[in-house]
2 protein chains.
Amino acid sequence: MNHFDFLISHFNQKVKLNEAEKELLIRNFVPTEFSKGEIILFQGDVSSHMRFIVEGCVKTYYLDEETKEHIVHFGIEGWWVNDLYSYFTGTPATLFIEALENGIILQIHRDTLDRLFEESQQIERFFRLKFQSAYVAFQDRTININSQPAEQRYKEFCEKYRDIEQRVPQYQLASYLGITPEFLSRLRKKKNL
Amino acid sequence: MNHFDFLISHFNQKVKLNEAEKELLIRNFVPTEFSKGEIILFQGDVSSHMRFIVEGCVKTYYLDEETKEHIVHFGIEGWWVNDLYSYFTGTPATLFIEALENGIILQIHRDTLDRLFEESQQIERFFRLKFQSAYVAFQDRTININSQPAEQRYKEFCEKYRDIEQRVPQYQLASYLGITPEFLSRLRKKKNL
DNA sequence: CGCGACGTTGATTTGCCTCAACGATTGTGG
DNA sequence: CCACAATCGTTGAGGCAAATCAACGTCGCG
(Lines give C-alpha, C1' and ligand atoms only; values in the text may rest on other atoms or scores of the structure.)
Protein backbone atom coordinates (compact mmCIF):
# COMPACT_ATOMS: atom_id res chain seq x y z
CA MET A 1 0.00 0.00 0.00
CA ASN A 2 1.38 3.43 -0.84
CA HIS A 3 1.67 6.17 1.73
CA PHE A 4 -1.38 8.09 0.63
CA ASP A 5 -3.62 5.05 0.46
CA PHE A 6 -2.65 4.40 4.06
CA LEU A 7 -3.45 7.99 5.04
CA ILE A 8 -6.76 8.00 3.21
CA SER A 9 -7.93 4.72 4.66
CA HIS A 10 -7.00 6.15 8.04
CA PHE A 11 -9.28 9.14 7.39
CA ASN A 12 -12.02 6.88 6.14
CA GLN A 13 -12.18 5.09 9.48
CA LYS A 14 -13.74 8.26 10.89
CA VAL A 15 -15.28 10.20 8.01
CA LYS A 16 -16.35 9.68 4.39
CA LEU A 17 -14.11 11.47 1.89
CA ASN A 18 -15.10 12.12 -1.71
CA GLU A 19 -12.60 12.04 -4.56
CA ALA A 20 -11.92 15.77 -4.43
CA GLU A 21 -11.09 15.54 -0.74
CA LYS A 22 -8.76 12.61 -1.30
CA GLU A 23 -7.01 14.71 -3.91
CA LEU A 24 -6.65 17.52 -1.38
CA LEU A 25 -4.87 15.21 1.01
CA ILE A 26 -2.60 13.78 -1.68
CA ARG A 27 -1.65 17.20 -2.95
CA ASN A 28 -0.99 18.75 0.45
CA PHE A 29 0.58 16.10 2.64
CA VAL A 30 4.34 15.84 2.13
CA PRO A 31 6.21 12.54 2.63
CA THR A 32 9.46 12.87 4.58
CA GLU A 33 11.95 10.20 5.49
CA PHE A 34 13.77 10.08 8.80
CA SER A 35 16.47 7.81 10.13
CA LYS A 36 17.09 6.23 13.51
CA GLY A 37 18.24 8.75 16.08
CA GLU A 38 17.13 11.72 14.01
CA ILE A 39 15.26 14.43 15.87
CA ILE A 40 12.06 15.33 14.06
CA LEU A 41 11.04 18.14 16.37
CA PHE A 42 13.32 20.04 18.73
CA GLN A 43 12.30 21.44 22.07
CA GLY A 44 12.26 25.21 21.64
CA ASP A 45 11.22 25.16 17.97
CA VAL A 46 7.62 25.88 17.09
CA SER A 47 5.81 22.81 15.79
CA SER A 48 4.03 23.96 12.67
CA HIS A 49 3.11 20.62 11.10
CA MET A 50 0.76 17.76 11.77
CA ARG A 51 2.66 14.50 11.30
CA PHE A 52 1.33 11.06 10.44
CA ILE A 53 3.63 8.05 10.78
CA VAL A 54 3.56 5.81 7.72
CA GLU A 55 6.43 3.63 8.80
CA GLY A 56 8.85 3.46 11.75
CA CYS A 57 8.77 4.19 15.45
CA VAL A 58 9.28 7.44 17.36
CA LYS A 59 9.32 8.70 20.92
CA THR A 60 8.04 12.00 22.26
CA TYR A 61 9.72 13.26 25.42
CA TYR A 62 10.81 16.27 27.41
CA LEU A 63 13.93 16.97 29.42
CA ASP A 64 13.76 17.56 33.13
CA GLU A 65 16.23 20.20 34.30
CA GLU A 66 17.98 19.76 30.94
CA THR A 67 19.09 16.23 31.76
CA LYS A 68 16.59 13.53 32.53
CA GLU A 69 14.39 12.25 29.72
CA HIS A 70 10.66 11.77 30.35
CA ILE A 71 8.83 9.91 27.60
CA VAL A 72 5.28 11.13 27.03
CA HIS A 73 4.27 8.97 24.06
CA PHE A 74 5.50 6.41 21.64
CA GLY A 75 4.26 6.31 18.08
CA ILE A 76 4.28 3.76 15.29
CA GLU A 77 2.63 3.31 11.86
CA GLY A 78 -0.83 4.81 11.80
CA TRP A 79 -0.27 7.22 14.70
CA TRP A 80 -0.07 10.99 14.68
CA VAL A 81 2.82 12.58 16.55
CA ASN A 82 3.18 16.15 17.62
CA ASP A 83 3.64 18.61 20.42
CA LEU A 84 0.04 19.71 20.11
CA TYR A 85 0.56 22.42 22.68
CA SER A 86 3.12 24.09 20.48
CA TYR A 87 1.14 23.40 17.32
CA PHE A 88 -2.06 24.93 18.65
CA THR A 89 -0.59 27.92 20.40
CA GLY A 90 2.42 28.69 18.24
CA THR A 91 4.69 28.74 21.28
CA PRO A 92 8.06 26.90 21.41
CA ALA A 93 7.74 23.15 21.85
CA THR A 94 8.37 21.63 25.27
CA LEU A 95 8.68 18.20 23.69
CA PHE A 96 11.22 16.49 21.49
CA ILE A 97 10.19 13.98 18.84
CA GLU A 98 12.92 11.52 17.97
CA ALA A 99 13.08 8.49 15.67
CA LEU A 100 13.75 5.10 17.24
CA GLU A 101 13.86 3.45 13.82
CA ASN A 102 14.16 4.58 10.22
CA GLY A 103 10.80 5.54 8.80
CA ILE A 104 8.52 7.87 6.88
CA ILE A 105 6.03 10.51 7.94
CA LEU A 106 3.43 12.45 5.99
CA GLN A 107 3.29 16.03 7.17
CA ILE A 108 1.23 19.11 6.51
CA HIS A 109 1.78 22.70 7.57
CA ARG A 110 -0.74 24.30 9.90
CA ASP A 111 -1.53 27.08 7.44
CA THR A 112 -2.20 24.56 4.70
CA LEU A 113 -4.34 22.43 6.97
CA ASP A 114 -6.36 25.43 8.10
CA ARG A 115 -6.98 26.16 4.43
CA LEU A 116 -8.18 22.59 3.91
CA PHE A 117 -10.62 23.07 6.77
CA GLU A 118 -12.21 25.91 4.79
CA GLU A 119 -12.54 23.67 1.75
CA SER A 120 -13.76 20.50 3.42
CA GLN A 121 -15.86 20.11 6.53
CA GLN A 122 -15.15 16.37 6.48
CA ILE A 123 -11.46 17.01 6.93
CA GLU A 124 -12.08 19.44 9.76
CA ARG A 125 -14.44 16.89 11.29
CA PHE A 126 -11.80 14.20 11.09
CA PHE A 127 -9.46 16.30 13.18
CA ARG A 128 -12.16 17.21 15.65
CA LEU A 129 -12.78 13.50 16.16
CA LYS A 130 -9.05 12.86 16.32
CA PHE A 131 -8.50 15.46 19.00
CA GLN A 132 -11.42 13.99 20.89
CA SER A 133 -9.78 10.56 20.99
CA ALA A 134 -6.44 12.07 21.87
CA TYR A 135 -8.08 13.84 24.77
CA VAL A 136 -9.80 10.69 25.92
CA ALA A 137 -6.57 8.71 25.76
CA PHE A 138 -4.87 11.32 27.92
CA GLN A 139 -7.67 11.28 30.46
CA ASP A 140 -7.42 7.53 30.64
CA ARG A 141 -3.72 7.76 31.19
CA THR A 142 -3.96 10.40 33.90
CA ILE A 143 -6.50 8.29 35.75
CA ASN A 144 -4.26 5.30 35.40
CA ILE A 145 -1.15 7.00 36.71
CA ASN A 146 -2.86 8.34 39.81
CA SER A 147 -4.69 5.23 40.83
CA GLN A 148 -2.51 2.30 39.92
CA PRO A 149 0.83 1.15 41.29
CA ALA A 150 3.66 0.79 38.80
CA GLU A 151 3.29 -2.96 38.56
CA GLN A 152 -0.30 -2.73 37.35
CA ARG A 153 0.56 0.02 34.89
CA TYR A 154 3.31 -2.10 33.38
CA LYS A 155 1.02 -5.07 33.01
CA GLU A 156 -1.63 -3.02 31.27
CA PHE A 157 0.86 -1.39 28.96
CA CYS A 158 2.06 -4.81 27.84
CA GLU A 159 -1.46 -5.98 27.13
CA LYS A 160 -2.48 -2.83 25.32
CA TYR A 161 0.65 -2.13 23.31
CA ARG A 162 2.37 -5.44 22.87
CA ASP A 163 3.61 -4.25 19.47
CA ILE A 164 5.28 -1.21 21.01
CA GLU A 165 6.66 -3.03 24.05
CA GLN A 166 8.58 -5.33 21.69
CA ARG A 167 10.17 -2.47 19.78
CA VAL A 168 11.52 -0.10 22.41
CA PRO A 169 14.36 -0.63 24.91
CA GLN A 170 13.32 -1.34 28.46
CA TYR A 171 14.73 1.81 30.01
CA GLN A 172 12.60 3.93 27.70
CA LEU A 173 9.54 1.97 28.62
CA ALA A 174 10.41 2.65 32.25
CA SER A 175 10.57 6.35 31.47
CA TYR A 176 7.13 6.20 29.88
CA LEU A 177 5.74 4.41 32.92
CA GLY A 178 7.27 7.02 35.21
CA ILE A 179 9.65 4.70 37.02
CA THR A 180 13.39 3.99 36.95
CA PRO A 181 14.88 1.23 34.77
CA GLU A 182 16.13 -0.48 37.91
CA PHE A 183 12.69 -0.64 39.40
CA LEU A 184 11.13 -1.94 36.20
CA SER A 185 13.75 -4.65 36.13
CA ARG A 186 12.75 -5.72 39.63
CA LEU A 187 9.09 -5.79 38.66
CA ARG A 188 9.78 -8.02 35.69
CA LYS A 189 11.82 -10.35 37.81
CA LYS A 190 9.09 -10.71 40.40
CA LYS A 191 6.50 -11.31 37.70
CA ASN A 192 8.30 -14.21 36.08
CA LEU A 193 8.47 -16.29 39.23
CA MET B 1 -25.99 38.95 32.35
CA ASN B 2 -28.40 36.19 31.46
CA HIS B 3 -27.32 32.59 30.94
CA PHE B 4 -27.35 32.69 27.17
CA ASP B 5 -25.43 35.95 26.91
CA PHE B 6 -22.76 34.27 29.03
CA LEU B 7 -22.72 31.22 26.76
CA ILE B 8 -22.60 33.29 23.58
CA SER B 9 -19.81 35.52 24.75
CA HIS B 10 -17.96 32.35 25.68
CA PHE B 11 -18.34 31.09 22.09
CA ASN B 12 -17.29 34.46 20.73
CA GLN B 13 -13.93 34.20 22.45
CA LYS B 14 -13.04 31.52 19.91
CA VAL B 15 -15.26 32.00 16.85
CA LYS B 16 -17.53 34.61 15.28
CA LEU B 17 -21.22 33.73 15.47
CA ASN B 18 -23.89 35.40 13.35
CA GLU B 19 -27.40 36.06 14.64
CA ALA B 20 -28.80 32.82 13.25
CA GLU B 21 -26.12 30.84 15.05
CA LYS B 22 -26.79 32.63 18.31
CA GLU B 23 -30.44 31.73 17.89
CA LEU B 24 -29.45 28.09 17.40
CA LEU B 25 -27.62 28.08 20.71
CA ILE B 26 -30.45 29.80 22.55
CA ARG B 27 -33.03 27.44 21.17
CA ASN B 28 -31.08 24.25 21.81
CA PHE B 29 -29.22 24.67 25.09
CA VAL B 30 -31.38 23.85 28.09
CA PRO B 31 -30.83 25.56 31.47
CA THR B 32 -30.92 23.19 34.44
CA GLU B 33 -30.55 23.98 38.11
CA PHE B 34 -28.70 21.76 40.53
CA SER B 35 -28.21 21.95 44.28
CA LYS B 36 -25.26 21.24 46.54
CA GLY B 37 -24.54 17.55 46.84
CA GLU B 38 -26.62 16.64 43.81
CA ILE B 39 -25.05 14.19 41.39
CA ILE B 40 -25.26 15.52 37.84
CA LEU B 41 -23.77 12.46 36.18
CA PHE B 42 -23.55 8.98 37.66
CA GLN B 43 -20.78 6.52 37.02
CA GLY B 44 -22.31 3.78 34.88
CA ASP B 45 -24.78 6.05 33.08
CA VAL B 46 -23.97 7.17 29.56
CA SER B 47 -23.18 10.88 29.36
CA SER B 48 -25.21 12.18 26.46
CA HIS B 49 -24.97 15.92 27.07
CA MET B 50 -22.38 18.65 26.86
CA ARG B 51 -22.66 20.81 29.97
CA PHE B 52 -21.63 24.41 30.46
CA ILE B 53 -21.52 25.81 33.98
CA VAL B 54 -23.26 29.18 34.29
CA GLU B 55 -23.11 29.35 38.04
CA GLY B 56 -21.82 27.15 40.85
CA CYS B 57 -19.00 24.71 41.45
CA VAL B 58 -18.72 20.99 40.68
CA LYS B 59 -16.24 18.17 41.02
CA THR B 60 -15.57 15.32 38.62
CA TYR B 61 -14.22 12.13 40.18
CA TYR B 62 -14.09 8.37 40.02
CA LEU B 63 -14.15 5.72 42.71
CA ASP B 64 -11.22 3.44 43.24
CA GLU B 65 -12.32 -0.10 44.12
CA GLU B 66 -15.74 1.37 44.89
CA THR B 67 -14.45 3.30 47.89
CA LYS B 68 -11.78 5.92 47.50
CA GLU B 69 -12.61 9.12 45.64
CA HIS B 70 -10.15 10.50 43.07
CA ILE B 71 -10.92 13.99 41.83
CA VAL B 72 -10.06 14.54 38.18
CA HIS B 73 -11.31 18.10 37.69
CA PHE B 74 -13.07 20.92 39.36
CA GLY B 75 -15.34 23.24 37.43
CA ILE B 76 -16.82 26.67 38.02
CA GLU B 77 -18.65 29.35 35.99
CA GLY B 78 -17.49 29.37 32.39
CA TRP B 79 -16.16 25.79 32.38
CA TRP B 80 -17.46 22.77 30.54
CA VAL B 81 -17.85 19.57 32.55
CA ASN B 82 -18.30 16.08 31.25
CA ASP B 83 -17.03 12.56 31.10
CA LEU B 84 -15.87 13.06 27.54
CA TYR B 85 -14.90 9.44 27.22
CA SER B 86 -18.46 8.37 27.81
CA TYR B 87 -19.85 11.21 25.71
CA PHE B 88 -17.70 10.42 22.69
CA THR B 89 -17.94 6.66 22.77
CA GLY B 90 -21.42 6.13 24.21
CA THR B 91 -20.05 3.77 26.85
CA PRO B 92 -20.99 4.00 30.55
CA ALA B 93 -19.29 6.85 32.40
CA THR B 94 -16.33 6.08 34.65
CA LEU B 95 -16.68 9.49 36.26
CA PHE B 96 -19.17 11.09 38.60
CA ILE B 97 -20.02 14.78 38.37
CA GLU B 98 -21.28 16.23 41.63
CA ALA B 99 -22.27 19.73 42.71
CA LEU B 100 -20.25 21.38 45.48
CA GLU B 101 -22.56 24.39 45.49
CA ASN B 102 -26.00 25.25 44.16
CA GLY B 103 -25.83 26.36 40.56
CA ILE B 104 -27.02 26.28 36.96
CA ILE B 105 -25.77 24.51 33.84
CA LEU B 106 -26.72 24.87 30.20
CA GLN B 107 -26.82 21.49 28.54
CA ILE B 108 -27.35 20.10 25.08
CA HIS B 109 -27.89 16.54 23.92
CA ARG B 110 -25.26 14.95 21.70
CA ASP B 111 -27.79 14.28 18.92
CA THR B 112 -28.88 17.91 18.97
CA LEU B 113 -25.32 19.16 18.98
CA ASP B 114 -24.39 16.90 16.08
CA ARG B 115 -27.29 18.41 14.21
CA LEU B 116 -26.02 21.90 14.97
CA PHE B 117 -22.65 20.89 13.53
CA GLU B 118 -24.40 20.20 10.23
CA GLU B 119 -25.99 23.63 10.30
CA SER B 120 -23.02 25.68 11.43
CA GLN B 121 -19.36 25.11 10.79
CA GLN B 122 -18.54 27.86 13.31
CA ILE B 123 -20.17 25.87 16.07
CA GLU B 124 -18.33 22.72 15.07
CA ARG B 125 -15.13 24.73 14.92
CA PHE B 126 -15.71 26.09 18.39
CA PHE B 127 -15.79 22.56 19.75
CA ARG B 128 -12.77 21.50 17.77
CA LEU B 129 -10.86 24.38 19.34
CA LYS B 130 -12.32 23.56 22.73
CA PHE B 131 -11.20 19.95 22.55
CA GLN B 132 -7.80 21.15 21.45
CA SER B 133 -7.39 23.26 24.57
CA ALA B 134 -8.77 20.50 26.74
CA TYR B 135 -6.17 18.17 25.30
CA VAL B 136 -3.39 20.65 25.83
CA ALA B 137 -4.43 21.24 29.43
CA PHE B 138 -4.33 17.51 30.05
CA GLN B 139 -0.89 17.17 28.50
CA ASP B 140 0.35 19.96 30.69
CA ARG B 141 -1.10 18.28 33.71
CA THR B 142 0.36 14.88 32.91
CA ILE B 143 3.80 16.40 32.47
CA ASN B 144 3.37 18.26 35.72
CA ILE B 145 2.36 15.24 37.75
CA ASN B 146 5.31 13.17 36.61
CA SER B 147 8.00 15.74 37.06
CA GLN B 148 7.07 17.79 40.10
CA PRO B 149 6.90 16.87 43.77
CA ALA B 150 3.59 17.38 45.55
CA GLU B 151 4.69 20.61 47.20
CA GLN B 152 5.38 22.29 43.88
CA ARG B 153 2.09 21.05 42.40
CA TYR B 154 0.19 22.49 45.34
CA LYS B 155 1.88 25.83 45.00
CA GLU B 156 1.12 26.04 41.29
CA PHE B 157 -2.48 25.04 41.79
CA CYS B 158 -2.95 27.86 44.28
CA GLU B 159 -1.47 30.40 41.90
CA LYS B 160 -3.41 29.18 38.88
CA TYR B 161 -6.79 28.52 40.46
CA ARG B 162 -6.96 30.75 43.50
CA ASP B 163 -10.70 31.09 42.89
CA ILE B 164 -11.17 27.33 43.07
CA GLU B 165 -8.81 26.75 45.97
CA GLN B 166 -10.97 29.07 48.09
CA ARG B 167 -14.17 27.21 47.31
CA VAL B 168 -13.43 23.54 47.86
CA PRO B 169 -12.60 21.69 51.10
CA GLN B 170 -8.97 20.84 51.63
CA TYR B 171 -9.32 17.06 51.49
CA GLN B 172 -10.83 17.31 48.03
CA LEU B 173 -7.99 19.47 46.87
CA ALA B 174 -5.64 16.79 48.20
CA SER B 175 -7.49 14.22 46.15
CA TYR B 176 -7.08 16.35 43.02
CA LEU B 177 -3.37 16.73 43.69
CA GLY B 178 -3.03 12.99 44.14
CA ILE B 179 -1.97 13.08 47.79
CA THR B 180 -3.61 12.34 51.14
CA PRO B 181 -5.31 15.06 53.20
CA GLU B 182 -2.82 14.38 55.99
CA PHE B 183 0.12 15.03 53.73
CA LEU B 184 -1.38 18.22 52.31
CA SER B 185 -1.89 19.42 55.84
CA ARG B 186 1.80 18.88 56.58
CA LEU B 187 2.78 20.73 53.41
CA ARG B 188 0.67 23.72 54.35
CA LYS B 189 2.12 23.78 57.81
CA LYS B 190 5.69 23.73 56.54
CA LYS B 191 4.89 26.49 54.08
CA ASN B 192 3.57 28.94 56.62
CA LEU B 193 6.67 28.91 58.78
C1' DC C 1 -25.91 20.54 73.22
C1' DG C 2 -24.01 16.71 70.78
C1' DC C 3 -22.86 14.76 66.55
C1' DG C 4 -20.51 14.52 62.20
C1' DA C 5 -17.44 16.57 59.04
C1' DC C 6 -13.00 18.38 58.60
C1' DG C 7 -8.23 19.44 59.74
C1' DT C 8 -4.05 18.37 62.41
C1' DT C 9 -0.40 15.64 64.51
C1' DG C 10 2.50 11.58 65.63
C1' DA C 11 4.34 6.85 64.78
C1' DT C 12 5.21 3.52 61.57
C1' DT C 13 5.47 1.43 56.99
C1' DT C 14 6.17 1.15 52.08
C1' DG C 15 6.88 1.99 47.16
C1' DC C 16 10.09 3.66 44.59
C1' DC C 17 14.59 6.22 44.01
C1' DT C 18 19.66 6.84 44.12
C1' DC C 19 24.12 5.28 43.78
C1' DA C 20 27.32 1.88 42.72
C1' DA C 21 28.90 -2.25 40.83
C1' DC C 22 28.72 -5.94 37.73
C1' DG C 23 27.27 -9.21 33.51
C1' DA C 24 25.70 -9.55 28.87
C1' DT C 25 25.26 -8.04 24.38
C1' DT C 26 26.28 -5.25 20.43
C1' DG C 27 28.95 -2.75 17.35
C1' DT C 28 33.08 -0.76 15.64
C1' DG C 29 37.83 0.33 14.40
C1' DG C 30 42.36 -1.58 14.08
C1' DC D 1 38.37 -11.40 13.61
C1' DC D 2 39.50 -9.91 17.84
C1' DA D 3 39.63 -6.15 21.45
C1' DC D 4 37.60 -2.68 23.42
C1' DA D 5 34.03 0.57 24.36
C1' DA D 6 29.46 1.62 24.69
C1' DT D 7 24.88 0.33 25.66
C1' DC D 8 21.62 -2.04 28.24
C1' DG D 9 19.76 -4.96 31.89
C1' DT D 10 20.36 -6.79 36.64
C1' DT D 11 21.40 -6.81 41.56
C1' DG D 12 22.35 -4.95 46.23
C1' DA D 13 22.43 -1.42 49.99
C1' DG D 14 20.58 2.51 51.77
C1' DG D 15 17.44 6.63 51.73
C1' DC D 16 13.38 9.53 51.23
C1' DA D 17 8.70 11.05 49.97
C1' DA D 18 4.37 9.99 50.82
C1' DA D 19 0.94 6.47 52.59
C1' DT D 20 -1.38 4.30 56.40
C1' DC D 21 -3.29 4.01 60.89
C1' DA D 22 -4.81 6.04 64.91
C1' DA D 23 -5.88 9.68 67.97
C1' DC D 24 -7.33 14.14 69.01
C1' DG D 25 -9.01 19.21 68.39
C1' DT D 26 -12.38 22.19 66.30
C1' DC D 27 -15.72 23.85 64.14
C1' DG D 28 -20.68 24.38 62.11
C1' DC D 29 -25.13 22.70 62.24
C1' DG D 30 -29.51 20.02 63.29
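**Ground rules.** I number residues from 1 along each chain as its sequence is written, and chains are lettered from A and ligands numbered from 1 in the order in which they are written. Since the model is predicted, I kept in mind that local features need pLDDT of at least 70, that side-chain atom pairs count only at pLDDT 80 or more, and that totals for chains, interfaces and linings use all residues.

**Entry: the sheet of chain B.**

**Entry: strand β3 of chain B.** I followed β3 (residues 49-55) of chain B to its partners, and found 2 bridges to β6(B), antiparallel, and 6 bridges to β8(B), again in the antiparallel sense. R51(B) has V81(B) as its bridge partner in β6(B), whereas H49(B) stands opposite H109(B) in β8(B). I call a residue buried if 20 or more other C-beta atoms lie within 10 Å of its own, exposed if 12 or fewer, and partly exposed in between, with C-beta atoms placed from the backbone. Because 6 of the 7 residues of β3(B) are buried, the strand is largely enclosed by the rest of the structure.

**Entry: the sheet of chain A.** In chain A I found 4 strands in an open sheet, ordered β1-β8-β3-β6 and paired antiparallel. Its edge strands are β1 (30-34) and β6 (80-81) of chain A, each of which pairs on one side only. Strands β3 (residues 49-55) and β8 (residues 103-109) of chain A run antiparallel and are joined by 6 bridges, and R51(A) has Q107(A) as its bridge partner in β8(A).

**Entry: how the two chains meet.** I asked how many residues each chain brings to the contact, and noted 26 residues from chain B and 27 residues from chain A. On the side of chain B that touches chain A, β4 (57-64), β5 (68-76), α3 (84-89) and α5 (121-147) of chain B each supply at least two residues, and the largest share, 18 residues, comes from α5(B). By class, this side has 13 nonpolar, 8 polar and 5 charged residues, where Ala, Val, Leu, Ile, Met, Phe, Trp, Tyr, Cys and Pro count as nonpolar, Asp, Glu, Lys and Arg as charged, and the others, Gly among them, as polar.

Entry: Chain B can be laid on chain A with an RMSD of 0.1 Å by a turn of 179° and a shift of 0.0 Å along the axis, so the two copies are related as by a two-fold rotation axis. The same surface serves both copies, as 100% of the contact residues of chain B recur in chain A. The superposition is by least squares on the C-alpha atoms of residues with pLDDT of at least 70 in both.

**Entry: helix α5 of chain B.** I found that α5(B) has 27 residues and reaches 39 Å from its first C-alpha to its last, close to the 39 Å expected at 1.5 Å a residue; the expected span is 1.5 Å times one less than the number of residues. Its buried residues include F126(B), F131(B) and Y135(B), and the buried residues of α5(B) pack against α3 (84-89) and α5 of chain A together with α1 (3-12), α2 (19-28) and α4 of chain B.

**Entry: two single residues.** I143(B) is in helix α5 of chain B and, with 17 C-beta neighbours inside 10 Å, counts as partly exposed. Not counting residues up to four places away in sequence, I143(B) touches Y62(A) and V72(A). T60(B), in strand β4 of chain B, counts as buried with 21 C-beta neighbours inside 10 Å. The C-alpha atoms of T60(B) and L95(B) are separated by 6.4 Å, although the two are 35 residues apart along the chain.

Methods: Two strands pair if DSSP finds at least two bridges between them. Two residues are in contact if their C-beta atoms, placed from the backbone, lie within 7 Å.
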